[in-house]
Amino acid sequence: MNDNLYIYLSIISMAVATNLVRILPSLLLKRPIKNTFIRSFLYYAPYVTLSVMAFPSILYSTGNFYGALIGFICVILLSFTKVGMFVSTFGTCLIVYLAQLVF
């Protein structure tokens, strides 16, 4: 087969799969979900998925595992202290830079 046909088939199949996942629940569920466990699961599912996808790239972003791990711990601690996003980002970059010098 032609290479362009493979590309078009893959685009169409991805579009069908993506839209099927979005449309199918609205077609099957006629009334609102009242179960609090399912509602909270559906609410937090995108955040968990994003975290699971981002976590490995955080640990291997600097080329030094320990520096990245120290930076990750630093940003978690700074976010719990509720400092601003600029302070948290700048502080974490500074800590990672210093950790790269040490390790």
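Which helix holds Ser-88? Ser-88 is found in helix H4. This is a predicted model: local features need pLDDT of at least 70, side-chain atom pairs count only at pLDDT 80 or more, and totals for chains, interfaces and linings use all residues. Residues are numbered from 1 along each chain as its sequence is written, and side-chain values use heavy atoms, with hydrogens and water left out.

Helices here are DSSP runs (H or I, at least four residues), numbered from the N terminus. Ser-88 is buried, with a relative accessible area of 9%. Buried means under 20% relative accessible area, exposed over 50%, partly exposed in between (1.4 Å probe, protein chains only). Ser-88 touches Val-75, Leu-78 and Val-83 (heavy atoms within 4.5 Å), not counting residues up to four places away in sequence. The C-alpha atoms of Ser-88 and Cys-74 are separated by 8.4 Å. Along the chain, these two residues are 14 residues apart.

Now for helix H3. Gly-67, Ala-68, Gly-71 and Cys-74 are buried there. They cover an arc of only 120° around the axis, which puts them on the same side of H3. The arc is that of the directions from the helix axis to the C-beta atoms. On the other side of H3, Tyr-66, Leu-77 and Phe-80 are exposed. Helix H2 and helix H4 are included in what covers the buried residues of H3.

| Helix | Residues |
|---|---|
| H2 | 36–59 |
| H3 | 65–80 |
| H4 | 85–102 |

After H3 comes Lys-82, whose phi is positive, near 60°.

How values were computed: Helix = DSSP H or I, 4+ residues; strand = E, 2+ residues; numbered from the N terminus. Expected span 1.5 Å × (residues − 1).
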